[in-house]
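Good morning, colleagues. Please bring up the sequence and the structure side by side, and I shall take you through the local geometry, the sheets and the charged pairs.

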Amino acid sequence: MMTESPRSLRVAISQFNSVVGDLENNTSRALAVVSLADEAGADVVTFPELALTGYPPEDLVFKPGFIADTRAALEKFAAGTGQTPAIVGFVDAGRGVDDSSVPNDDEFHSMGELCGVDEFDGGSELRAGVRATNAVAVCGAGKIFGIYHKKHLPNYDVFDELRHFRPGDHAPELFVIGGVMVGITVCEDSWVREGPVAQLARLGARLVFNINGSPFRTGKQQIRERVICARVNESGLPIVYTNLVGGQDELVFDGGSFVVSPGINGAYVSARCASFTESLNIFDVTVAEASSVQTPRRSTIVTRARPERRTRLEGPMFAPMAALSQEWSALVLGVRDYVEKSGYRQVCVGLSGGVDSSMVAAVAVDALGASNVYGVLMPSRHSSAHSVTDAEQLARNLGIVARIVSIEPAHKALGDMLAPHMRAERINTGNVTDQNIQSRVRGLVLMALANEHNLLVLTTGNKSEAAVGYSTLFGDTAGAFAVIKDVWKLRVYELCAWRNARETGPWIPEAILAKAPSAELAPDQRDDQSLPAYTVLDPILQAYVEQDRSVAEILELEIDGADPEMIRHICGLVSNSEYKRRQSPHGPRISSKAFGRDRRMPIVNHYRR
């Protein structure tokens, strides 16, 4: 018999910021959130996907010890819960699943023979990897009421879940929470048409909780809401979508949790939490009415209905963020969490007086505070006077300390040292060798200061430069985190203008935004002497890198200012520069196809079409 339910459930959505592998701290912090939800009288608190382990744990799941420690963390978490039940993500060992797909010892031996080796070493890792599941537990009153294993594992974009997990194969399970029959899904499960959500509806669920570790890219929030609206229209059930928040390596998770409810005119977003911020949101969610076509299924009773509440808590409704606001916020969060989760507090940035280093410094100040950001000006014999004065003005605007370290003594000493080994027994001023020496001296200076003062170096190259290899290995690529690695040059200008508009006076001096881009590594050097204007270059690169268009297809786009020879040359530079990108620092992903996790090309590659 189906349990009677009230008209609404008081739900606490925890936009939780986990640290991958920090099981003890994640668990204790999650229990503190449960305590707050309990004090507020919530019927249930829901956490994001893999909240206890952090997401993504990647090859940690191949370690049997990690799986065992995760289970211990879950049991500690469950023991600490009270009246308010919690829905929390973790990595499970996949107990009780069918092991028929896991190779046995004889099959491992056969693999070894095929590979031409006496023994096939990999059994322990492969078996641990195959058996790990992306799981969610329902905990309360000091115990675990049930566990669900994610069924649909994404293996596209930045996801490698088929490498790390096996899909759950248990039948759907229902839980009675606060007297309401609810179902639980994990991330991709709710992206499948006529999938787990529809199955839960047919079994008698009145509400579905969907926990997520959905990484940010520009416009992703609108896509999530559209997909969940489709599932609500399909099932007739409200869905509570809880998303992770925080930075993890190059991934940024933006939160933006929401509720989609069925309505007379179709599904609609009935609550939306803030993006890019850790928060606990407690409000009432109206549940679906019972339907005669639903077939009640035996369920696990977690908690029964509380007495009807006299007042209703309305959910938050934050407006969707504009694209530039999303991107800046993602960069700030990515920098803050990468630095702090790595155990550092302060960073240094080489300030050239150009727009790229200015933007990186501004993002760092927003992320860490001005007192934790150090600018380093490293003028050379080719530096213009305004490059120094512009960088100094930027530092004053941002309120950061700026040091000046001239690279001329090292530049000259290296030139003299190498001169006997050069073809003309000297280094030609401004040639590639000379330019790279200057860049590498600057990299050495930054790394020396970082070593001395326990700083992380933020590099300043943008996506346009990374695409064509307009950088120096061990020079301007030397550092820990590439803040604007996934930001096209033209977008850098747009983001700087957007950030300036938020201040009473320009944060980034207008002189920096107005002048022609230059590396200033040679006399009177400008970027457009080596590359097309960025108004021409960026459209070519976006078509080739992000849209995967062929050279022939790009030629048909008729990009203003681009001739066939230029297009072929630029696309060739992209392929020839893969080795540089592989050796450069990673940085926060904000686009649909970033270098690294998204776009993975062979380093040696002669395909040029």
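I begin with a loop residue. Ala141 is found in the loop between strand S4 (133–140) and strand S5 (143–149); helices (H or I, at least four residues) and strands (E, at least two) are DSSP runs, numbered from the N terminus. Although Ala141 is not a glycine, its phi is positive, at about 55°. Ala141 counts as exposed, because its relative accessibility is 57%; the scale is that buried means under 20% relative accessible area, exposed over 50%, and partly exposed in between, with a 1.4 Å probe and protein chains only.

Before I go further, a word on the source: this is a predicted model, in which local features need pLDDT of at least 70 and side-chain atom pairs count only at pLDDT 80 or more, while totals for chains, interfaces and linings use all residues. Residues are numbered from 1 along each chain as its sequence is written, and side-chain values use heavy atoms, with hydrogens and water left out.

Glu558 also has a positive phi, near 55°, in a residue other than glycine. Its place is the loop between helix H17 (551–555) and helix H18 (564–576). With 67% relative accessibility, Glu558 counts as exposed.

Another backbone feature concerns a proline. The peptide bond that leads from Tyr55 to Pro56 is cis, with omega near -5°. Pro56 sits in the loop between strand S2 (44–46) and helix H2 (64–79).

Let me turn to the sheets. In what order do the strands of the six-stranded open sheet run? The order is S5-S4-S3-S2-S1-S14, and the pairing is mixed; two strands pair if DSSP finds at least two bridges between them. S5 and S14 are the edge strands, each pairing on one side only. From one strand to the next, the twist averages 30°; for such angles, axes are lines fitted to C-alpha atoms, for helices over the stretch in contact, and the values run from 0 to 180 degrees between N-to-C directions.

Within this sheet, strand S3 (residues 86–92) and S4 run antiparallel and are joined by seven bridges. Val91 has Asn134 in S4 as its bridge partner. Helix H1 (residues 23–39) packs on the sheet and touches S1, S2, S3 and S14, its direction making about 45° with that of S14; contact here means heavy atoms within 4.5 Å. H2 packs on the sheet as well, touching S3, S4 and S5, and its direction makes about 165° with that of S3.

There is also an open sheet of five strands, with parallel pairing and the order S18-S17-S16-S19-S20. Its edge strands, strand S18 (401–404) and strand S20 (481–482), each pair on one side only. Strand S19 (residues 456–459) pairs with S20 in the parallel sense over two bridges, and Leu458 has Phe481 in S20 as its bridge partner. Helix H9 (residues 355–368) lies across strand S16 (347–350), strand S17 (373–377) and S19, and runs at about 165° to S16.

I come now to the charged side chains. How many salt bridges are there? The count comes to 31, where a salt bridge is a side-chain nitrogen of Lys or Arg within 4 Å of a carboxyl oxygen of Asp or Glu.

One of them joins the side chains of Arg10 and Asp284, at 2.7 Å from N to O. Arg10 lies in strand S1 (residues 8–15) and Asp284 in strand S14 (residues 279–286), so this pair ties together parts 274 residues apart in sequence. Arg10 counts as buried, at 8% relative accessibility, and Asp284 is buried with a relative accessible area of 7%.

Lys150 and Glu49 form another salt bridge, at 2.9 Å from N to O. Because Lys150 lies in the loop between S5 and helix H5 (161–164) and Glu49 in the loop between S2 and H2, the pair ties together parts 101 residues apart in sequence. Lys150 is buried, at 0% relative accessibility, and Glu49 is buried, with a relative accessible area of 0%.

Finally, Arg491 forms a salt bridge with Glu494, their closest N and O atoms being 3.3 Å apart. Both residues lie in helix H14 (residues 489–500), three residues apart, or about one turn of the helix. Glu494 counts as partly exposed, at 39% relative accessibility. Elsewhere, salt bridges that share partners join Glu578, Arg581, Arg582 and Arg599 into one network.
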